[in-house]
Amino acid sequence: MSNVAEELTPDTARQQLVEQLTAKGRLSRPEVAAAFLAVPRHEFAPAATNVQAAYADDVVVTKKNAAGETSSSISAPWLQAYMLETAQLRPGSRVLEIGSGGYNAALIAELVGPTGAVTSIDIDADVVTNARVALLRTGYSQVEVALADAEGGYPDNGPFDAIIVTVETADIPPAWTQQLAPGGLLVAPVRMRGNTRCLTLQNRGDHLAAIAAIQCGFVPMQGEGKTSVRRLPLRGKDIVLTVDDTTTQADGEALAAALELPRREVWPPVTATMDDGGAFESIHLWLACQPRFYGVLTVDRDRVADLLDPDNRFTCPCLLTATSFAHLTLRQPDRGTYQFGAHGFGPDAADLTAQLAELIVVWDQQHRHGPGPSITVHPAGAPLPTTDGLRLLVHRRHTTIAITWPGLAGNVEDMA
Ligand SMILES: C[S@@+](CC[C@H](N)C(=O)[O-])C[C@H]1O[C@@H](n2cnc3c(N)ncnc32)[C@H](O)[C@@H]1O
């Protein structure tokens, strides 16, 4: 039998990747497509990576920490394409990439050309060395790779027309805003109550405003900006509840016991198709913004088939009480059509599933088809504009992140 991976050449694989990204609508700017065609992604992957894996629309893991968790990777091409397009890079742009590896920096170098400048920083000396070597080998010696903590940015080479952060952050350190040139864009995957969105942020003087947001995942920030979340194992590592605020009270033992009780379910008549991708990330953020105890359930789907409907392919937002929880779920009444539902466990399951079902309906009727929430970032402690919307405030060390859904009264303070 022929081995497809062995027969595939890097040139063909690169071409196929670009065709695939274009067909999926992930590449709309020709110069970004040209950059993907020019840079040999396999040269930045570990030596053991075969061509097929190097050019799949997926993450390539490049380093794990002592606990076996991924600490560095080449991000998925669709997400790199998104970030490069949303950052509006052009010839002559000065760019800071935070979180290195070399491949993305080479793509940036293609886009900004000989009149631009690319600086890429990483906290891990191995990553810095490997990135330098790979960039030299592939002809991108103009990229400056430096060992530095994201927290301070890289003032020596600023100001930057774009700062692209390729590591998950819970906060926006002041250095990033200070090092942004007038009119520049900050693209960063920001974790807000357990939900990470790649935000494209513009400086509006006294705050930053997101002009675009997309769901994504990145390795967590190390160094000075490292933050932690509470992880409650409800059935070993197979079912874990993550809580990313200080307000939510959750008793891991009680919730684990709740799992053993019969499951409640409610299925409101609200559906979406996979083409309606924005609906899934919209409802997740909507649920995260509620003034309630909240967490995100991660489930090993192969090992815990009894908890989830087979069509539920997402992490699950959860409403909680001290002893019970209800999580968002999905089923497929017709092929390609997904219905949102609520599964509940524990003594309060009946109430919680009914409340979750009601929130699904309110989202569908009032928010799903609108402009979506506005996301703004304000210096910590600064007065915030009043709003007549439902607003979640995520309080971090340097900033307060405000997620505001228009049209509903009520401020939700101090949720994180
Ligand atoms: C997803 S990888 C970067 C991928 C890279 N941009 C690429 O496309 O190939 C994230 C990187 O962020 C780095 N990192 C984590 N915390 C950091 C920090 N505080 N400062 C700088 N880099 C950090 C990690 O060492 C890791 O190499």
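This note goes through the predicted model in numbered points, from the overall fold to single residues.

1. Overall build. The protein contains eleven helices and 21 strands. Its radius of gyration is 22 Å, close to the 22 Å that the globule rule gives for 416 residues, so the protein is as compact as a globular protein of that length.

2. Domains. The protein is divided into domain 1, covering residues 4-225, domain 2, covering 230-367, and domain 3, covering 374-412.

3. Between domain 2 and domain 3 the count is one salt bridge, and the side chains of Asp244 and Arg396 meet in a salt bridge with an N to O distance of 3.4 Å. For polar contacts, the rule likewise finds one residue pair across the interface of domain 2 and domain 3, with both residues at pLDDT 80 or more.

4. Salt bridges elsewhere. A search of the whole structure finds 16 salt bridges, and one of the pairs to inspect is Asp11 with Arg14, where the closest N and O atoms are 2.6 Å apart. Both Asp11 and Arg14 lie in helix α2 (residues 10-23), where they are three residues apart, about one turn of the helix. Side chains of opposite charge can pair when their charged atoms come close.

5. Backbone points to check. Most residues other than glycine have a negative phi, and most peptide bonds are trans. Against that background, the peptide bond from Gly158 to Pro159 is cis, with omega near -5°, and Pro159 lies in the loop between β5 (144-147) and β6 (160-165). Gln88, although it is not a glycine, has a positive phi of about 55°, and Gln88 is found in the loop between α5 (77-86) and β3 (94-98).

Methods:
Residues numbered from 1 in each chain as written. Predicted model: local features only at pLDDT ≥ 70, side-chain atom pairs only at ≥ 80, totals over all residues. Heavy atoms only, no water. Domains from an automatic or database assignment. Salt bridge = Lys/Arg side-chain N within 4 Å of Asp/Glu carboxyl O. Polar contact = N/O pair within 3.5 Å; in protein donor to acceptor, adjacent residues only side chain to side chain. Helix = DSSP H or I, 4+ residues; strand = E, 2+ residues; numbered from the N terminus. Rg over C-alpha atoms; globule rule 2.2 N^0.38 Å.
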